[in-house]
Amino acid sequence: MTAVAATTETVSLPKVKTDWLPALLVPILAVAALPLVGSFSTWVTLTVAALAMGMMIFLMASGLTLVFGLMDVLNFGHGVFISFGAYVSLMVLGPLAGWVESPNIWLNIGVLLACIVVAMLVTGALGYAFERVVIRPVYGQHLKQILITMGGMIVAEQMIHVIWGASPIPLRLPEGLRGAIVVGEAAMEKYRVIAVVLGLLVFGLMHLLLNRTKIGLLIRAGVENAEMVEALGYRIRRLFVGVFIAGSALAGLGGVLWAFYRQTLTAGMGMEVNVLIFIVIIIGGLGSIGGCFVGALLVALVANYTGFLAPKLALGSSILLMVLILLWRPQGLYPVAKR
Amino acid sequence: MLPNNPIHSILSGDYPRSKALSVALVIVLVSLAFAPFLFPGSQPLNVAAKICVFVILVASYDLLLGYTGIVSFAHTMFYGIGGYGVAIAMYNFNAGWGALGLGVLAALVLAMLLALLIGLFSLRVRAIFFAMITLAVASAFAILASQLNEITGGEDGRSYRIPEMLRPAFRLFDEPVLGVMINGRILTYYLIFFAALILFLLALRVVNSPFGRVLQAIRENDFRAEALGYRVVVYRSIANCLSAGMATLAGVLMALWLRYTGPDTTLSFAIMIDILLMVVIGGMGTLYGAVLGATIFILAQNYLQVLMGQFSGMLEAAGIPLLPGLFHADRWLLWLGILFVLSVYFFPVGIVGKLRQMKS
């Protein structure tokens with residue numbers, strides 16, 4: 001009796017090994033590109049741009065990969081939330097036009113944050129409706145899911161045309177966020193720096209939420225084995241709806257950032273990034289948040305460096321990266337256990 | 001019917017199995033076969049040629065989606081390879097039959113190899129993987145095609161001459177037949193029509209062969225098919241290659257008809273969506289669905305827009321807000337998209353399936 005108690009006290013669970021290798025790829029890639037690019041200042045500019053792009057892609061992709069991991073639902077219409085988020089910011093920019101042109105940097109940041117908050121609220125609500133109307137009837141049927149979310153995307157894209165018109169809309173960055181910061185010889189665009197900071201902030205929050213809270217624990221457990229979580233008495237459906245809404249809201253946030261980055265709005269913009277997002281979540285391992293983060297940074301770095309070194313290969317480079325990584329790890333960088 | 005009668009062997013034993021469907025198919029066949037005589041003018045002939053090409057394109061897609069149960073987004077890529085095969089050959093060499101043959105052959109080889117490569121790479125994992133990877137590869141290919149200016153003509157595409165016999169100036173007879181002058185344009189139409197007919201019957205043959213049955217078994221339960229001793233990856237890859245080859249030939253036919261190939265007419269994602277809509281509305285898992293889906297969709301594309309424009313104009317004149325926007329002529333895809341979503345939910349068997357259910 002005492003012997004049993006002793007063993008339970010002394011033998012603790014083995015610590016989960018962290019797989020650092022894929023994460024190390026990011027700095028390795030960045031350093032390896034330095035001699036190829038040649039000049040240090042250009043390299044800094046490129047790297048900052050890539051990090052900004054990577055953060056935005058991560059924000060847009062994180063919801064998709066979690067939804068897939070948790071409920072085995074692949075939403076091909078995810079791009080719609082990106083487009084909607086971007087267009088919704090127009091509703092804020094209209095009444096707050098004065099803040100955009102104001103020389104006060106705090107008002108400028110305020111208007112950006114207002115855009116983000118409104119876009120996240122609207123896309124979150126939209127995500128709720130989308131889950132209810134479009135996705136719920138086709139749980140567990142992959143073929144139908146692909147078709148139906150594709151159909152939902154077509155309809156939503158056309159609705160954007162109906163509401164906001166079919167022609168591209170130019171978008172101006174708030175006054176204080178234009179231009180670049182020059183450190184030494186390296187120029188970094190202010191807006192990109194802000195995007196990096198915002199992206200890191202969200203990643204950090206998400207990391208805390210997933211690893212330090214009960215909800216996060218349930219989500220991670222659900223990704224590993226949804227049935228078991230349900231058997232323990234938690235409503236996995238409700239959890240899933242929550243994650244879907246959060247994922248849509250994050251896509252909306254990414255959409256706002258992406259729209260200001262491109263400075264034009266088109267209804268098809270979400271679909272265009274969708275391709276990149278798919279590549280990222282395949283590289284990262286379907287369902288893995290960490291993998292999604294690393295994948296997004298890798299894709300962005302490769303895209304930016306090749307865009308500078310060999311412009312014609314820019315999009316082909318992401319595909320090449322995907323092929324190489326899948327040859328190395330066929331299930332993605334951080335494979336999720338059950339898949 | 002006896003298995004050895006000619007209709008049985010032509011249709012490979014796959015009958016429409018519904019009176020209404022048979023009537024509809026015969027109407028489509030007769031209208032297409034005599035299109036130049038029944039509907040004179042260049043616009044109707046254009047629509048008829050487009051229907052022929054898209055029947056093949058959609059049928060080849062159905063081979064993947066409806067019969068094998070895998071979703072590909074790279075179908076327009078193969079369609080585009082066919083188109084560019086003709087375009088590059090005709091543009092760079094003399095516009096003869098030899099060059100045409102060479103272009104078609106090169107396109108077919110390239111398309112099949114690419115399909116095999118993508119299939120081997122991604123089909124072994126999961127069907128959903130395949131969907132994502134084809135989407136990525138297809139968009140990369142579209143960008144590549146619009147950037148390789150020297151070869152493909154970039155965004156502008158390529159206009160080219162086609163063999164002498166198929167040009168509008170060519171006359172087969174000096175006298176008009178049944179009131180219609182048989183020129184090269186009509187000859188091209190009949191080339192497309194018969195090629196489409198033969199390819200369609202071949203596809204029927206494939207899906208009703210033992211091979212086709214295995215594909216359907218894989219669609220229903222791939223694990224079980226594997227357990228019965230069929231290598232699922234191999235069958236899926238072959239289906240993928242066959243479908244790619246057929247799509248390539250559809251692209252060849254379209255290139256001959258348009259005498260122009262560009263990114264927008266062959267590689268754009270909009271065409272991929274059109275194909276999806278046609279397959280689902282017509283009916284997945286039956287090739288007759290491809291015929292009806294393509295016919296209805298292309299007729300709608302060409303004539304529904306005009307009707308919608310008029311309707312929208314009427315609404316606007318009546319002073320009703322918002323609705324004119326919804327019925328604007330450019331918003332026809334909105335309605336087809338809604339129809340698409342509804343048909344996936346409520347009648348996944350499509351028009352053909354509905355017609356067959358009505359009978360029983």
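A crossing of two helices is called right-handed if the near helix is turned clockwise from the far one by less than a right angle, and left-handed if anticlockwise. In this predicted model, α3(A) passes α13(A) in a right-handed crossing, the two packing at an angle of about 145 degrees with their axes 7 Å apart. Residues including A:L46, A:G54 and A:L66 of α3(A) and A:I289, A:A300 and A:F308 of α13(A) make the contact, whose residues divide into 19 nonpolar, 4 polar and no charged.

Confidence in chain A averages a pLDDT of 82, and 94% of the residues score at least 70.

| Element of chain A | Residues | Mean pLDDT |
|---|---|---|
| helix α1, lowest | 2–10 | 52 |
| helix α13, highest | 289–309 | 89 |

Where pLDDT is low, the predicted coordinates should not be read in detail.

Helix α8 of chain A has 23 residues (190–212), which at 1.5 Å a residue should span 33 Å, and this agrees with the 32 Å between its end C-alpha atoms. Within α8(A), A:Y191, A:R192, A:A195, A:V196, A:L198 and A:G199 are buried, and the buried residues of this helix pack against α3, β3 and α11 of chain A.

Between the chains, the contact takes 27 residues from chain A and 30 residues from chain B. On the side of chain B that touches chain A, α7, α14, α16 and α17 of chain B each supply at least two residues, with the largest share, 12 residues, coming from α7(B). By class, that side of chain B has 23 nonpolar, 5 polar and 2 charged residues.

Note on methods. Residues numbered from 1 in each chain as written. Chains lettered and ligands numbered in written order. Predicted model: local features only at pLDDT ≥ 70, side-chain atom pairs only at ≥ 80, totals over all residues. Contact = placed C-beta atoms within 7 Å. Helix = DSSP H or I, 4+ residues; strand = E, 2+ residues; numbered from the N terminus. Nonpolar A, V, L, I, M, F, W, Y, C, P; charged D, E, K, R; others polar. Expected span 1.5 Å × (residues − 1). Buried ≥ 20, exposed ≤ 12 C-beta atoms within 10 Å, placed from the backbone. pLDDT = per-residue confidence, 0-100. Axes fitted to C-alpha atoms, helices over the stretch in contact; angles between N-to-C directions.
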